Amino acid sequence: MPSDSESGSRASAESSGSRSRGGSVSSSKASAECPANDYQQREVRDSASERRRRRTTPCGSSDGSSSDSLGSESDYSGYSTDEARSGDRQDPLLPDQSKQERPSQPSLSANAVISAVVAGAATSTSMRGRYMPPSMRRQMMAAAAKAAGSSEQARAEVEQRESWEALKKRINGPINKVNTSNIKEIVVELFSANLIRGRGLFCRSVIKAQSLSRPFTPVYAALAAVINTKLPIVGELLLTRLVLQFRRAFNRDEKDRCLSAIMFIAHLTNQRVAHEVLALQALTLLLENPTDDSVEIAVAFMREVGALLAEIVPRVLNAVFDTFRSILHDADIDKRVQYMIEVLFQYRRDGFKNNPVIPDGLDLVEIEEQIIHE
């Protein structure tokens with residue numbers, strides 16, 4: 001009969017054996033289940049790689065991959081989701097439409113190319129105020145001429161625009177730098193240009209320069225007076241544009257433009273380019289329905305042209321000052337304007353000595369050569 005120690009060791013051995021058998025059984029079960037798990041993981045990886053490959057494979061590729069003919073994922077590769085949903089995709093059974101030759105776009109005519117190039121140049125220089133180097137302008141014009149080919153009309157248009165731009169520079173440059181000391185040289189330089197063709201450019205440039213620098217108005221008036229002696233058509237056009245600008249500004253209540261135009265007309269009257277009747281008509285228009293602005297403009301005009309009117313038509317000048325006196329006493333105007341009228345009366349008593357008819361250095365036209373426009 002075994003002892004207690006032997007029975008205890010046998011029991012422990014049996015328990016350890018049972019545990020080892022249980023562990024081996026569980027390990028065998030795990031080993032039996034392991035191929036299935038590996039197969040599932042491999043299948044997941046293969047399906048993921050297949051999806052990635054299908055996304056990158058272009059439509060209609062023959063790489064041996066099977067794809068459904070209706071709605072398979074490879075059919076929509078390279079297309080957005082909206083295109084795939086709407087069905088706007090290329091049929092893999094049809095030839096590749098992207099490789100087919102598309103109809104060529106209609107080519108622009110030479111005149112259209114030149115118009116586009118020159119319009120772009122004009123936009124970048126004059127409209128937007130950007131400076132274009134002469135080399136770039138020549139290159140652009142050369143490209144336009146090259147695009148014109150053998151079209152004589154197109155080449156003539158390009159040459160005409162080039163000559164027009166050159167004439168504009170020859171007129172604008174001297175006008176921008178004219179002053180009392182160099183006015184004689186500027187006159188010679190302007191006469192070397194084609195003022196008959198560029199008379200509109202001259203008038204526009206002079207009016208713009210005078211409106212930007214009003215103290216130089218006597219200089220611009222003297223320049224216009226010299227040119228008027230040789231080319232009366234230029235002086236007439238300048239005076240006509242100034243009168244139209246004055247009337248337009250007066251009707252629109254644009255005080256600054258109206259004052260610039262009336263000051264230029266006053267100095268042209270002093271230079272005997274405009275007749276004194278035009279000055280009296282402007283005063284009548286300003287004082288007919290007196291307001292603060294109209295009376296202020298009339299006072300400034302009278303300060304510039306009063307000395308000439310006192311020499312030529314003193315009686316008419318007395319009537320004008322009677323109108324100013326009635327406005328000072330009867331009209332409802334501002335105190336500042338009333339003070340300006342009182343200062344104007346003081347100028348008259350002093351004989352307009354601070355505002356002579358023609359300033360020193362600007363009396364360039366002889367009386368026999370003057371051409372007056374009414």
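The expected span of a helix is 1.5 Å times one less than its number of residues, where helices are DSSP runs (H or I, at least four residues) numbered from the N terminus. This is a predicted model, in which local features need pLDDT of at least 70, side-chain atom pairs count only at pLDDT 80 or more, and totals for chains, interfaces and linings use all residues. Residues are numbered from 1 along each chain as its sequence is written, and side-chain values use heavy atoms, leaving out hydrogens and water.

| Helix | Residues | Expected span | End-to-end C-alpha distance |
|---|---|---|---|
| α11 | 13 residues | 18 Å | 18 Å |

In α10, 13 of 16 residues are buried (under 20% relative accessible area with a 1.4 Å probe, protein chains only). Just after α10, Arg272 has a positive phi of about 65 degrees.

Turning to α11, its buried residues include Glu276, Leu280 and Leu287. The buried residues of α11 pack against α9, α10, α12 and α13, with contact meaning heavy atoms within 4.5 Å.

Now for a helix pair. The axes of α7 (residues 199-212) and α8 (residues 217-230) come within 9 Å and cross at roughly 160 degrees. That makes α7 roughly antiparallel to α8 (angles over 145 degrees). On the α7 side, Phe202, Val206, Ala209 and Gln210 meet Thr217, Tyr220, Leu223 and Ile227 of α8. Those contact residues divide into six nonpolar, two polar and no charged.

Technical notes. Axes fitted to C-alpha atoms, helices over the stretch in contact; angles between N-to-C directions. Helix = DSSP H or I, 4+ residues; strand = E, 2+ residues; numbered from the N terminus. Parallel < 35°, antiparallel > 145°, perpendicular 65-115°, else oblique. Nonpolar A, V, L, I, M, F, W, Y, C, P; charged D, E, K, R; others polar. Buried < 20%, exposed > 50% of the residue type's maximum accessible area, 1.4 Å probe, protein only.
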